[in-house]
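Trainee: I've got a new model open and I'd like to talk it through with you. Can we take it a piece at a time?

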Amino acid sequence: MTGGAGMMDAADLRAVWLTLKLAGVVTLLLLLAATPIAWWLARTRSRLKTVVGAVVALPLVLPPTVLGFYLLVALGPHGPLGRLLAALGIGPLPFTFGGLVLASVLYSLPFAVQPLHNAFEAVGTRPLEVAATLRAGPWDRFWSVAVPLARPGFLAAAVLGFAHTIGEFGVVLMIGGNIEGSTRVVSVQIYDHVEALEYAQAHWLAAGMLAFSFAVLLLLYTFNPQPLRGRR
Amino acid sequence: MTRFAALPAALALLAAAMPPALAGEVQVAVAANFTAPMQQIAAAFEKDTGHKAQLAFGATGKFYAQIANGAPFEVLLAADDATPLKLEQDKLAVPGTRFTYAVGQLALWSAQPGVVDGGGQVLAKGDFAHLAIANPKTAPYGAAAIETLTKLNLLARLQPKIVQGESIAQAYQFVSSGNASLGFVALSQVWRDGKVTSGSAWIVPEKLHAPLRQDAVILAKGGANPAARALEDYLKSDKARAIIRAFGYGL
C-alpha cells in the first residue's frame, strides 16, 4: 500500500520522533519518581519495605497486557482513577500522549528504582555519618554525598528507563488507540507493518530498533558492567 | 533405573484409556471475531464426531505470517476472503477447499443504552469524544467502518475522534470500558439470539460497505488429516449454520 520501495516514509519518521519524545519525558519523570522511592527503600527499617519493593517490581513479572488492561479500565470514565482525574479537571487519559507517559512510567519504574536502590545501599551509612559530624544537614548530605557517590546508579536508571520505554509495546497497544502523532510509537508501527504484510518497511524499523538497543546496552555495559546493580 | 520402569507401563495404560484411533485432532486458527460461535461449534463437533478441534484465536494477518513461517495450523477460519486465497496461491493451502462459512455484520455500538439510535444519526451529530474502530489496515471490520464513514460523508469530520484497536476485539474493549463512548464492532460481539445483549446498537446496512465475506480453507499441513475435512463438512451442516446465525452472521 504505502512506499513499495521499503524505505521509511513520513509516518514511520513521525513514529520514531514520537517514541523518542515519549522516552525522553518518561526518563525525566522516572528519575524524579524513582529517586525518593529508592532512597527510602535503601534507608528504611519499616516493615512496609518488602511490600513497597514488591509492588514496584510488579511490572517486571506481569504481562504488559495485564497492566494495560487494568490501566484502561481504571483510567476510563467509570474507573476509580478516571473519576478522580476528571474531578481534578484532567481529561480522560486513554488515547492521549499523557496517558502513554503515565503508563510508561509505571511500566518502567522497576528499571529505574532497582539500580538506584542498589547504588544508595552501596553508598552505605558511613560517608553520611561522616558528613553529619561535619554538620551537613540531611539535604546537604543527600545532594553532596549520596547523589555523587550513586552516580553510576543514576546513569543506569536513566539509560534502562529510556531503553525500556522505547521497547514497550503491550501497554501502549492497550491504552494508546494507535493515533498517528500522539500514540502510534515505533513498536506499534512495526506491528502494523507486519500485520499488513509490509515486511520491507517493518524490516527498516525493526533493524533500526535492534541496532539502537544494542548500541545503548553496549554503552551502558562499557561504563557500568553491572547495570541492574547500579555499581561500578 | 528401576524407579523409571513403571513409566512405560503407565504410558501404555494412558494410551489404552484414550478414545479409539478414529477420533482425530485438528489445529484450527480462528479469526478473533468468530471466537464465541466457534467455541460452541467445536464443542458440538467433538460431541457429534469424536474429533477434537484445538482452537487458536487471533488476527488474520498474524495467522498468515505464522502459517507462512511453518505454524502447525491445519484449518484457517479467516476474517476475510483475501487471506485464504493468498494462502492457496502461495501453495500453503489445499486448492478447492475454500468456502464462505459466514458473512460478517458491522454494528455501531455503545455500552450505554440510548446513545446509538436505530438509524446511526448519532454519527452525524458528532456529540462524542472518541469513536473506536479496528485498525483498517489490518482488520476487515476496520476497513468496512472507514468505508461506511466515507459513504456517509462523515470521515473527514470524524477522523480526529477515531481511535484504533489492534483487532475488532480491542475496539470492543475500548467501547465496553467506556473509554470510547461508541465504536464500530462486529455484530457477533454484541448479539445473541436476535437482539443486542447490552447497550445500544445500529446494524450498519450492507449497502454502506463491501460484504465481509469470511472464508475458511484447509491448510497444507491439514491436507491428509481426516479431522480437518470433517470440520469443514461440519461447518456446512445445519447445526453449525444455526449457531453461526444466532450470533448475527449472515450466510
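This is a predicted model: local features need pLDDT of at least 70, side-chain atom pairs count only at pLDDT 80 or more; totals for chains, interfaces and linings use all residues.

Trainee: How many helices and strands does chain A have?

Mentor: Read the elements from the N terminus on and you get α-α-α-α-α-α-α-α-α-α-α. For chain B the tally is 11 helices and 12 strands. For chain A it is 11 helices and 0 strands.

Trainee: Among contacts in chain A between residues at least 6 apart in sequence, what share joins residues at least 24 apart?

Mentor: Let me start with chain B, where residues 24 or more positions apart account for 78% of the contacts with a separation of 6 or more. In chain A, the share of such contacts that join residues at least 24 apart is 75%.

Trainee: Now some helix packing. Are H1(A) and H8(A) parallel, perpendicular or oblique to each other?

Mentor: Helix H1 (residues 10-43) and helix H8 (residues 151-166) of chain A pack at about 140 degrees, with axes 8 Å apart. Roughly antiparallel needs an angle over 145, and roughly perpendicular runs from 65 to 115. H1(A) passes H8(A) in a right-handed crossing. The pair is therefore oblique.

Trainee: How many nonpolar, polar and charged residues does the contact of H1(A) with H8(A) have?

Mentor: On the H1(A) side you'll find, among them, A:Leu22, A:Val26, A:Leu30 and A:Ala34. They meet residues of H8(A) including A:Phe154, A:Ala158, A:Gly161 and A:Phe162. By class, the contact of H1(A) with H8(A) comes to 11 nonpolar, 4 polar and no charged residues.

Trainee: Next pair: at what angle do H3 and H5 of chain A pack?

Mentor: Helix H3 covers residues 64-75 and helix H5 covers residues 97-123, with their axes 11 Å apart. H3(A) passes H5(A) in a right-handed crossing, and the two are therefore oblique to each other. The packing angle is about 135 degrees.

Trainee: Which residues of H5(A) make that contact with H3(A)?

Mentor: From H3(A) come A:Pro64, A:Leu67, A:Gly68, A:Leu71 and A:Leu75. The classes in this contact are 7 nonpolar, 2 polar and no charged. The H5(A) residues are A:Gly99, A:Ala103, A:Leu106 and A:Tyr107.

Trainee: On to the backbone. Is A:Phe95 buried or exposed?

Mentor: Most residues other than glycine have a negative phi. A:Phe95 has a phi near 70 degrees, and it sits in the loop between helix H4 (80-87) and H5 of chain A. It has 27 other C-beta atoms within 10 Å, so A:Phe95 is buried.

Trainee: And A:Arg135, buried or exposed?

Mentor: A:Arg135 also has a positive phi, of about 70 degrees, without being a glycine. Its loop runs between helix H6 (126-133) and helix H7 (138-149) of chain A. With 7 other C-beta atoms within 10 Å, A:Arg135 is exposed.

Trainee: How far apart are the C-alpha centres of the two domains of chain B?

Mentor: Domain 1 takes 25-103 + 212-246, and domain 2 takes 106-203. Their contact uses 10 residues from domain 1 and 14 residues from domain 2. The centres lie 27 Å apart.

Trainee: Last one: which element gives the largest share of the side of chain B that touches chain A?

Mentor: The contact takes 16 residues from chain B and 17 residues from chain A. On the chain B side, helix H3 (60-68) and strand S7 (162-165) each supply at least two residues. The chain B side divides into 5 nonpolar, 8 polar and 3 charged. The largest share, 4 residues, comes from H3(B).

Notes. Residues are numbered from 1 along each chain as its sequence is written. Chains are lettered from A and ligands numbered from 1 in the order in which they are written. Domain bounds come from an automatic or database domain assignment. Two residues are in contact if their C-beta atoms, placed from the backbone, lie within 7 Å. Axes are lines fitted to C-alpha atoms, for helices over the stretch in contact, and angles run from 0 to 180 degrees between N-to-C directions. Angles under 35 degrees count as roughly parallel, over 145 as roughly antiparallel, 65 to 115 as roughly perpendicular and the rest as oblique. A crossing is left-handed if the near helix is turned anticlockwise from the far one by less than a right angle, and right-handed if clockwise. Ala, Val, Leu, Ile, Met, Phe, Trp, Tyr, Cys and Pro count as nonpolar, Asp, Glu, Lys and Arg as charged, and the others, Gly among them, as polar. A residue is buried if 20 or more other C-beta atoms lie within 10 Å of its own, exposed if 12 or fewer, and partly exposed in between; C-beta atoms are placed from the backbone.
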